[in-house]
Amino acid sequence: MKIGNVNIKNNIFLAPMAGYTNVAFRLLCSELGWGMTFTEFIKNDFRYNERSFISENELNVAVQIMGAEPDEVLKVAQELLRKYQNISFININMGCPFINNIGVNEGCALMKNPDLVAKIIYNLCSHVNIPITIKIRKGYDSSNVNYMEIAKIAEKNGAKAIIIHARTLEQIYDGEVDLECIKLLKETINIPVIGNGGIENTEDAFNMLTYTKCDAVMVGRAALNNPAIISNIITNNLMQYKNMYELAFRYISLAMEYQEFINFTLFKKSLITLLHEKNNKDIRLMMNINRAKDYYELLNLLQVYEK
């Protein structure tokens, strides 16, 4: 598939997830065959250096920007493009439900301000030379379901794709995913539609693709538990691992290579998520991961528990 002028090798995307989609996890997923990966959201203060770092080895990576002021969003985009030449496209976060972002009119709060959405997209499309996309929700709440209005505004002002989480903000990550809204959006607009929400397994991904005819699906939390889930969907050119321990070893190795750009506490949290429910030997492994002081200690722990 293509987004703007960007060729993408397949239609399975890794969702941007704060605290999880660090450079090591993105590289791991790329090795496994994911079509596109996304950074965690990046804000205009660049407070979290690890969120804005992109490796030169990343070939299919998009950056997600969080913001509500058109010129500030553009400034972030231009700074990222100045630093990194391998960004595939830019995504604007218009779906985040976190109260800290909603309270300053960012994330899903933007869906309540269509005029501002238009300004942000138009300003970006007028000044950068890579595709601009947005990630939205079905709506702010059940009384404000305006995904179609926002998508049409985005397309009119130059956006090259729409990613839609088919739940409202009030649903957060629970409740039924409305596949009908993805289907209707795909039937209505003329740019690619990427469906998101509620994909927990291979069957969910196939169901969304088949029923809605969306161009791609974006997988979030299921990928944290098992990034190799993609091997059940896309079967060509994959890095194969015998078990989750081997996968975890590779993840730690990548993190060691880029450790100055990875928050170690958050990394341990993501490693526990990766191994949780896969290890039926001893809950102490999870406790010991939490206590680990460095990456070498993590490697030693896994070597002990793998035996």
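Guide: Let us begin with the handedness of a crossing. A crossing is right-handed if the near helix is turned clockwise from the far one by less than a right angle, and left-handed if anticlockwise. The model shown here is a predicted one. In it, helix 1 passes helix 10 in a right-handed crossing.

Visitor: At what angle do helix 1 and helix 10 pack, and how far apart are their axes?

Guide: Helix 1 spans residues 23-32 and helix 10 spans residues 244-257; the angle is about 130 degrees and the axes are 8 Å apart.

Visitor: Which residues of helix 1 and helix 10 meet?

Guide: From helix 1, the residues are Ala24, Phe25, Leu27, Leu28, Glu31 and Leu32; their partners in helix 10 are Leu247, Arg250, Tyr251, Leu254 and Ala255. By class, this contact of helix 1 with helix 10 comprises nine nonpolar, no polar and two charged residues.

Visitor: How is the packing of helix 5 against helix 6 to be read, and what is the angle?

Guide: Helix 5 packs against helix 6 (residues 147-156) at about 30 degrees, and their axes are 9 Å apart. Angles under 35 degrees count as roughly parallel, and helix 5 and helix 6 are therefore roughly parallel to each other. Their crossing is right-handed. Helix 5 contributes Pro114, Val117, Ala118 and Ile121 to the contact, and helix 6 contributes Glu149, Ile150, Ile153 and Ala154. These residues divide into seven nonpolar, no polar and one charged.

Visitor: Where do the axes of helix 3 and helix 5 come, in distance and in angle?

Guide: The axes of helix 3 (residues 70-83) and helix 5 (residues 114-127) come within 9 Å and cross at roughly 35 degrees. This crossing, too, is right-handed. Among the residues that meet are Val73, Leu74 and Ala77 in helix 3, and Leu116, Ile120 and Leu124 in helix 5. The contact of helix 3 with helix 5 has seven nonpolar, three polar and two charged residues.

Visitor: Let us turn to the pocket. What is the volume of the largest pocket, and which residues lie nearest its centre?

Guide: The largest pocket has a volume of about 510 Å³. Its lining consists of 28 residues, and those nearest the centre are Ala15, Pro16, Met17, Lys135 and Tyr173. Two or more lining residues come from each of strand 4 (37-42), strand 7 (132-139), strand 8 (161-168) and helix 9 (221-225). Helix 9 provides the largest share, three residues. The lining has 14 nonpolar, eight polar and six charged residues.

Notes:
Residues numbered from 1 in each chain as written. Predicted model: local features only at pLDDT ≥ 70, side-chain atom pairs only at ≥ 80, totals over all residues. Heavy atoms only, no water. 1 Å grid on protein atoms, 1.4 Å probe; cavity = no way out; pocket = protein on both sides within 12 Å on 5 of 7 lines; lining within 4 Å. Points joined across faces, edges and corners; volume = space filled by probe spheres on them. Helix = DSSP H or I, 4+ residues; strand = E, 2+ residues; numbered from the N terminus. Nonpolar A, V, L, I, M, F, W, Y, C, P; charged D, E, K, R; others polar. Axes fitted to C-alpha atoms, helices over the stretch in contact; angles between N-to-C directions. Contact = heavy atoms within 4.5 Å. Parallel < 35°, antiparallel > 145°, perpendicular 65-115°, else oblique.
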